[in-house]
Amino acid sequence: MPLYLNYPSWIHPEIFPGVPVLGLIRWYGLMYIFAFGTAFFVLKRLMKEGALNTPDYTANEDDLFSCIATGIIFLLIGARVFSTLVYDTSGLYWKKPWLIFWPFNEAGQFTGLAGMSYHGGFIGGLLGMIVWCLKKKRPILQWTDAMVIAIAFGYTFGRLGNFLNGELFGRITTMPWGMVFPYAQQFSASIPWVQEFAAEAGMVLAEGQKLVNLPRHPSQLYEALFEGIVLGCILWSLRKHKPFTGFTSALYTIGYGFFRFCIEYFREPDADLGYRIETVTGTPTYINASLFNISTGQILCLLMITSGLLLMLFAWIRSKKGRNKDV
């Protein structure tokens, strides 16, 4: 009896595969629309609750549209730049930076902006928020406190988009919810450990079969659940009980960094990047040989956690000084 799941055969990166023009529409792009739409409706709800108001100003929908639009532009720029300059190891984009935002491959085929980095998007979106708040003279931490709640729920769709693309899957596993992804690395069926692993997962290898695609953690769904829904619910439940302005922003930064750091142990790092810190050397990225083999994503998550703690301290000190002034 199989102890794994097969990736649904009806799912393709394109929504209408093989259909002229419509075949260019991809699930990943549609998920971005859902993400931004969700973020808008969450932010609108927070606005109605008064989370964005100040004693001398009441926020309106024009503020939401302009704020989100600015954030989206900066987010996409940051996500794309980080993906091409940090995660791409070919050096192509350093030599030809104009290709960073070029949506065609070398054969002239439209590919869109394939490749986005969450951490780059986080930095870009944060800069966009700061620029907008400074321009509109709105309190930065008050707006970011609301925005991170909206981002958490919207982020869920981004990871669902990765799942629908069949990308960013996890390491091999024998867990019953392990999934065989069509684009994953295949292994020689003649290797003893591959045969043992397949047998443990309940896979039956055909006679003469040369390659086998082993089950993997659906790490995109782990991220959608914990970094999106769970973190979003935590922030939502605390929205009216935050001890000081800036608390929610800091908690999101710490929470995302923590959840992502843990899930990185199940998600396979990019093979060309491997580990930035490797205590057990020579181990393949498709297995977790040591908790002290640290990926690029985990290093960035540690930086996020540290930044969140510093922001928490800064916001708390700022609130204490504000109370003292009021007294």
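The exercises below concern a predicted model.

**Exercise 1.** How many disulfides does a search of the whole structure find, and how far is the sulfur of C133 from the closest cysteine sulfur?

*Solution.* Start with the kind of bond. A disulfide is a covalent bond between the sulfur atoms of two cysteines. Here the cut-off is 2.5 Å between the sulfur atoms. Next, take C133: the closest cysteine sulfur is in C67, 5.9 Å away, so this pair is too far apart for a bond. Then take C262, where the nearest cysteine sulfur belongs to C301 at 9.1 Å, and C262 is in no disulfide. The search of the whole structure gives zero disulfides.

**Exercise 2.** State whether C133 and C262 are buried or partly exposed.

*Solution.* Buried means under 20% relative accessible area. C133 has 1%, so C133 is buried. C262 has 31% and counts as partly exposed.

**Exercise 3.** Describe how helix 1 and helix 2 pack.

*Solution.* First, locate the helices: helix 1 covers residues 27–48 and helix 2 covers residues 61–87. Finally, sort the contact residues: 10 are nonpolar, none polar and two charged.

**Exercise 4.** Which residues have the most contacts inside the largest nonpolar core?

*Solution.* This core has 31 residues, and L43, L52, W143 and Y252 have the most contacts inside it. Helix 5 (140–165) is among the helices that each supply at least two residues; helix 5 gives the most, with nine.

Technical notes
Residues are numbered from 1 along each chain as its sequence is written. This is a predicted model: local features need pLDDT of at least 70, side-chain atom pairs count only at pLDDT 80 or more; totals for chains, interfaces and linings use all residues. Side-chain values use heavy atoms; hydrogens and water are left out. Buried means under 20% relative accessible area, exposed over 50%, partly exposed in between (1.4 Å probe, protein chains only). Axes are lines fitted to C-alpha atoms, for helices over the stretch in contact, and angles run from 0 to 180 degrees between N-to-C directions. Helices (H or I, at least four residues) and strands (E, at least two) are DSSP runs, numbered from the N terminus. Ala, Val, Leu, Ile, Met, Phe, Trp, Tyr, Cys and Pro count as nonpolar, Asp, Glu, Lys and Arg as charged, and the others, Gly among them, as polar. A nonpolar core is a set of buried Ala, Val, Leu, Ile, Met, Phe, Trp, Tyr and Cys residues joined through side-chain atoms within 4.5 Å.
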